[in-house]
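Here is a short report on a protein model.

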Amino acid sequence: MSVAATLLSGLRDALARAGGGWRENRAGEPRCAACAYFRDDPAYVEATIPGLASMSSGHASVRSGDGICVRLDRYLSGDAHCGHFAAAAGTTGIGCPPL
Amino acid sequence: MSTIDSPVRDAQIGDGIATPRQLQGAPRGREDWWAIWLGLGIVLVGAVLFAEGASLRWIAAVPAKWSNAGQLSADLAANWPRYVALFVLWLALFSVALAALGQRAAAFVPAFLLLFVASTVIFILGQWDQAATYNLEPPLVALLIGLVVSNVVGLPAWLDAGFRVELYVKTGIVLLGATLPLSLIIWAGPIAILQASIVSIVTFAVIFLAARAFGLDQRLAATLGAGGAVCGVSAAIAVAGAVGARKEDAPIAITTVILWAIVMIFALPLASRALGLSAGVAGAWIGTSEFADAAGFAAAQAYSGLVGKVEGITGTPEQTIQAFTLMKVVGRDVWIGIWAFILAIVATTRWEKTGVTGRVDAGEIWRRFPKFILGFLAASLIVSFATRGLSLAEFNKLAVPSFVGPIKDLRSWAFIFCFLSIGLTTRLRELATAGFRPVAAFSTGVVVNVLLGLLLSAVVFASHWESLGQ
């Protein structure tokens with residue numbers, strides 16, 4: 001089996017094992033991006049992470065929809081979810097993210 | 001009061017629940033896209049003017065070479081209206097972009113005026129015919145002045161509104177695309193990708209394994225590894241989000257990356273000079289072994305300033321920039337989405353659970369893709385199209401002075417804004433404390449990266465980089 005085929009096979013296995021979590025999220029779990037504990041504003045992220053604006057930016061594409069969970073103290077994807085979700089005002093937190 | 005006051009205060013209170021979207025206006029678009037619109041807008045205007053027999057030359061003012069005060073004052077007296085017009089142009093362009101991104105123009109205008117005046121002084125200094133003798137390369141001077149001002153003198157924090165490192169460097173990279181022939185990207189890109197991939201994978205593995213050996217958490221190890229292997233601070237923040245790192249992990253990695261990046265801005269050109277590396281080889285090495293785009297361009301531009309002025313350095317100044325860009329932008333930056341995607345899968349399936357479930361799908365690759373690279377490629381395509389049918393001699397006689405040359409000069413301004421902004425925003429006392437173990441793990445990777453990068457650039461692929469664009 002070639003190296004590429006081995007890598008692809010491993011990737012498929014990993015995705016299969018991870019499958020439950022992310023499919024469930026896409027199907028209707030509340031997303032961090034809509035949670036009241038989640039802060040993804042670029043200015044806030046730049047102010048909270050020293051040095052980010054020196055050689056990168058809170059507005060950069062690579063940051064995607066990431067933000068800081070002030071409850072769990074983690075820097076997370078806006079598409080993640082957990083059991084502490086609290087809907088921010090005016091949101092249900094459910095649904096797929098805009099691209 | 002800056003626009004960040006409300007959310008920061010809210011976080012400091014630590015009340016937990018808030019409605020962040022009510023606290024500030026939502027930014028419109030991403031910085032990458034705005035850099036594309038600004039850069040491509042300039043290139044398109046240049047292409048139209050070129051087709052009509054006109055040029056951006058007048059507004060793309062740059063200081064002339066000078067050897068005494070009389071020449072300098074005569075040049076400034078003759079051209080000051082062009083500098084004023086150039087300032088207004090940049091101010092208008094960046095104001096539109098930053099206003100869309102949520103920045104207040106009231107803070108940006110005075111900050112950018114300061115930045116423009118300081119950049120002009122640095123540019124003038126770099127045009128002194130003795131500048132190379134005293135190592136007064138504009139990128140290094142800009143960085144040093146910025147670091148001294150921000151760390152010794154100090155500036156009000158609100159002035160940071162004008163020091164947007166990434167917007168300037170991304171705009172500069174899009175403009176750089178106009179000066180890099182598409183054929184060169186196609187010809188040299190695969191080798192750049194091969195070399196960058198080898199070094200990136202090895203560097204990531206070394207940093208990750210060293211970090212684990214030092215007992216660091218897997219997510220911090222991955223954040224550090226990406227910072228060293230892919231694209232510095234941007235990679236660190238991207239991977240931190242993809243793997244769900246602790247809040248303090250990204251600042252630790254960023255501190256480490258910044259400190260090493262600043263060291264490398266000075267060390268790589270010095271080492272290249274000491275080793276007598278050709279322009280192309282040095283550019284490839286810097287592209288392989290510098291960590292952030294902005295820092296790398298500072299190092300590459302500094303070395304390109306030595307080409308033709310320092311004995312023993314062969315090649316052309318543009319070769320350093322071209323080799324660096326191919327290696328860093330084409331070879332390394334484009335893969336950040338894939339790194340984030342793979343590491344997100346690994347974090348979800350193999351690492352210790354954190355109570356948070358991430359969504360892992362291939363869309364991650366596009367969402368994190370550094371979109372400004374598309375602008376870089378589009379700019380190259382536009383110039384290739386606009387100059388189709390011209391022979392090399394005609395291109396050099398017609399397109400270079402009136403089309404590509406002015407864009408190159410505008411690119412130089414964007415990069416000087418960037419280099420000065422790096423220094424002005426890097427306040428060492430405000431950086432997070434990284435600690436011995438993360439720094440040691442990262443430094444292990446740096447040693448391997450630098451040696452492997454030198455081996456590949458100066459030995460394995462040396463002939464490729466030496467003949468770049470010839």
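The report below covers the overall build of chain B and then the cavities.

## Basis

This is a predicted model.

## Chain B overall

Chain B carries 20 helices and two strands. Its radius of gyration is 22 Å, close to the 23 Å from the globule rule for 470 residues, so chain B is as compact as a globular protein of that length. The C-alpha trace of chain B spans about 65 × 55 × 45 Å along its principal axes.

Of the 470 residues in chain B, 59% count as buried. The accessible surface of chain B is about 17500 Å². Carbon and sulfur atoms account for 68% of that surface.

## Largest cavity

Rolling a probe the size of a water molecule over the atoms shows where empty space is left. The count is three cavities of 30 Å³ or more. The largest has a volume of about 120 Å³.

Which residues line the largest cavity? From chain A come Met55(A), Ala60(A) and Val62(A). Chain B gives Asp32(B), Glu166(B), Lys170(B), Cys231(B), Ser234(B), Asp293(B), Asp333(B), Pro370(B) and Phe372(B). By class, this lining has six nonpolar, one polar and five charged residues.

## Second largest cavity

The second largest cavity has a volume of about 90 Å³. It is lined by 14 residues, and the closest to its centre are Cys32(A), Cys35(A), Cys69(A), Cys82(A) and Phe85(A). The lining of this second cavity has 10 nonpolar, two polar and two charged residues.

Notes. Residues are numbered from 1 along each chain as its sequence is written. Chains are lettered from A and ligands numbered from 1 in the order in which they are written. This is a predicted model: local features need pLDDT of at least 70, side-chain atom pairs count only at pLDDT 80 or more; totals for chains, interfaces and linings use all residues. Side-chain values use heavy atoms; hydrogens and water are left out. On a 1 Å grid over the protein atoms alone, a cavity is a set of points where a 1.4 Å probe fits but cannot get out, and a pocket is an open set with protein on both sides within 12 Å along at least five of seven lines; lining residues have an atom within 4 Å of a point. Grid points are joined across faces, edges and corners, and a volume is the space filled by probe spheres set on the points. Ala, Val, Leu, Ile, Met, Phe, Trp, Tyr, Cys and Pro count as nonpolar, Asp, Glu, Lys and Arg as charged, and the others, Gly among them, as polar. Helices (H or I, at least four residues) and strands (E, at least two) are DSSP runs, numbered from the N terminus. The radius of gyration is taken over C-alpha atoms; the globule rule is 2.2 Å times the number of residues to the power 0.38. Buried means under 20% relative accessible area, exposed over 50%, partly exposed in between (1.4 Å probe, protein chains only). Accessible areas come from the Shrake-Rupley method with a 1.4 Å probe; for residues, only the protein chains shown count as cover.
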